Amino acid sequence: MARLQVETVINGEPREFLCDANQSMLDVLRDELGLTGTKEGCGTGDCGACSVLVDGRLVCSCLMLGVEASGKSVETIEGIAGEDGLHPLQRQFLENAALQCGICTPGFIVASKALLAKNPNPDEETIRYWLAGNLCRCTGYDKIIRAVQDAAAEMSHPA
Amino acid sequence: MESYAYAAPSSVSETVALLAQNASEGRQTQILAGGTDVLVQMRAAGHTPRTIIDIKTLAETNRLDVSADGIYIGAAVPSAVINEHALLRSALPGLLEAADLIGSTQIQGRATICGNLCNASPAGDSIPAMIAAGAICEIATAAGSREIAAEDFVVGVGRNALAPGEFLLGLKLAMPSAETKDAYLRFTPRTEMDIAVAGVGVSLTVAGGRCTQARVAIGAVAPTAMLVPEAAEALIGTDLNDTALHQAGEACKAAASPISDKRGTAEYRKKVVAVLCRRAIVVAHQRIQGA
Ligand SMILES: Cc1cc2nc3c(=O)[nH]c(=O)nc-3n(C[C@@H](O)[C@@H](O)[C@H](O)COP(=O)(O)OP(=O)(O)OC[C@H]3O[C@@H](n4cnc5c(N)ncnc54)[C@H](O)[C@@H]3O)c2cc1C
Ligand code: FES
Ligand code: FES
């Protein structure tokens, strides 16, 4: 099968890749581009481990074809940390021990970043609904919610 | 064996031509909108390779017009985008709450209500809401376009009224008057990320304290979502008192022909659809009263 050539922007960098017509963006990220920070939990849109931003919009990369990235800007967990270190969300996930095995964490952080971009000061209910599509088998969610709240506070009142 | 191919045509005529060409060459095609059903189907064992035709690059399917002259929701517009439209939210709160129930934030970033309709699941949440709101489907055909009412679009479980070579361009709706509001309620065992046991969409017009127009549609309790004219008749001319609400609920129950599965027995679904009908009427009525 002839592979398709796709030009896109990933984490701010122009990238080109080849993919099959039926290859998901998740598989492209992991298998073609070596960006293995984005995880596969289910492959069917249920767990959120594969969350990425496409033109700023939160989506499941397992429910998107690689070719659909053509002309778009994609942000993955690898693009979250700044030049000067971890993003406040990443730091607060560590501070709050909001991860155990860590497979859900990239998805939670990408999804939370999208939430804070839309709503810098979300209440607990808003956070829980926004993150309802991100599943975690380890933490029991409470620490994740607190990490997001602490990151929101830190981002609105930088120390 | 045939392999997967992908095309993103740049015009409606090119899309229709591509559908016709693939058909004449004996190749299977599938339209791709948000892909939240298509990609799941593609992963299933035994999925036959086909040409995926992405309609997200067409100007027509990306249209989202909301004005006094009418509402148009293009087939490529995802739920997240319609839910961010403040004027649309006040005009059709019921349709938007149905769209807002579809999956997670991530799913809503991609899923379209037109895809929800085309997929024709009995439990598709946006379908009863768009039927109640009186949506008209604009369909691209080889000859140009044709229109059918949303209640006539789904013809069976997973089957829609599109003929080979056609695709859905978008939904047309009238801009509701200040006396007209809609509502959608569904019941699921969990509060988020679950499939409806029953769903009810209603749209009411109330003038001078009397209901002058009503549309009631039910979902997840029959092979297709359907309009229940008897429920509307029970409401029109009344002040939406308890008796009228009860009769509308009973009409929904009578129209329902649900299956029994792990989410609920047929008897339970019939009971729930009547309750949801009454509650949705109350919600729509309160919206008209500005409560
Ligand atoms: C995790 C998860 C949770 C979900 N939860 C819900 C839920 O709570 N309620 C609910 O109702 N649904 C739910 N869904 C399904 C819902 O996301 C889809 O039905 C969605 O609305 C389909 O829209 P789409 O744009 O993604 O369509 P696609 O997946 O692109 O297409 C769906 C089908 O319609 C066809 N199609 C799409 N657009 C057109 C067109 N313009 N013309 C002709 N054919 C077309 C496609 O060929 C395909 O067969 C869920 C899905 C997932 C993965
Ligand atoms: S891997 Fe995409 S949602 Fe689970
Ligand atoms: S930390 Fe293990 S799944 Fe969330």
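1. A residue is called buried here when its relative accessible area is under 20%. By that cut-off Ser126(B), at a relative accessible area of 0%, is buried. The model in which this residue is seen is a predicted one, and the points below should be read with that in mind.

2. Ser126(B) belongs to helix 8 of chain B. Leaving aside residues up to four places away in sequence, the residues that Ser126(B) touches are Leu95(B), Ala98(B), Ile102(B), Ile113(B) and Asn116(B).

3. Between domain 2 and domain 3 of chain B, 22 residues of the former are in contact with 22 residues of the latter. The area buried between these two domains is about 1700 Å², and carbon and sulfur atoms give 61% of that area.

4. On the polar side of the contact between domain 2 and domain 3 of chain B, the count is 3 salt bridges, and 9 residue pairs are in polar contact, both residues being at pLDDT 80 or more. A salt bridge joins the side chains of Arg186(B) and Asp125(B), with an N to O distance of 2.7 Å. On the side of domain 2 that touches domain 3, the elements giving two or more residues are helix 5 (93-101), helix 8 (126-132) and strand 8 (154-156) of chain B. The residues of that side comprise 14 nonpolar, 5 polar and 3 charged.

5. Turning to the contact between the chains, 28 residues come from chain B and 29 residues from chain A. The area buried between chain B and chain A is about 2200 Å², with carbon and sulfur atoms giving 62% of it.

6. Across the interface of chain B and chain A there are 5 salt bridges, and 9 residue pairs, both at pLDDT 80 or more, are in polar contact. The side chains of Arg110(B) and Glu68(A) form a salt bridge at 2.6 Å, N to O. At least two residues of the side of chain B that touches chain A are supplied by each of strand 1 (5-7), helix 2 (38-43), strand 3 (51-54), helix 3 (79-83) and helix 6 (105-108) of chain B. Helix 2 of chain B gives the most to that side, with 4 residues. By class, the side of chain B that touches chain A is made up of 13 nonpolar, 9 polar and 6 charged residues.

Notes
Residues are numbered from 1 along each chain as its sequence is written. Chains are lettered from A and ligands numbered from 1 in the order in which they are written. This is a predicted model: local features need pLDDT of at least 70, side-chain atom pairs count only at pLDDT 80 or more; totals for chains, interfaces and linings use all residues. Side-chain values use heavy atoms; hydrogens and water are left out. Contact means heavy atoms within 4.5 Å. Buried area is the accessible area (1.4 Å probe) that two parts lose on being put together, summed over both. A salt bridge is a side-chain nitrogen of Lys or Arg within 4 Å of a carboxyl oxygen of Asp or Glu. A polar contact is a pair of N or O atoms within 3.5 Å; within protein, one must be able to donate a hydrogen and the other to accept it, and residues adjacent in sequence count only if both atoms are side-chain atoms. Ala, Val, Leu, Ile, Met, Phe, Trp, Tyr, Cys and Pro count as nonpolar, Asp, Glu, Lys and Arg as charged, and the others, Gly among them, as polar. Buried means under 20% relative accessible area, exposed over 50%, partly exposed in between (1.4 Å probe, protein chains only).
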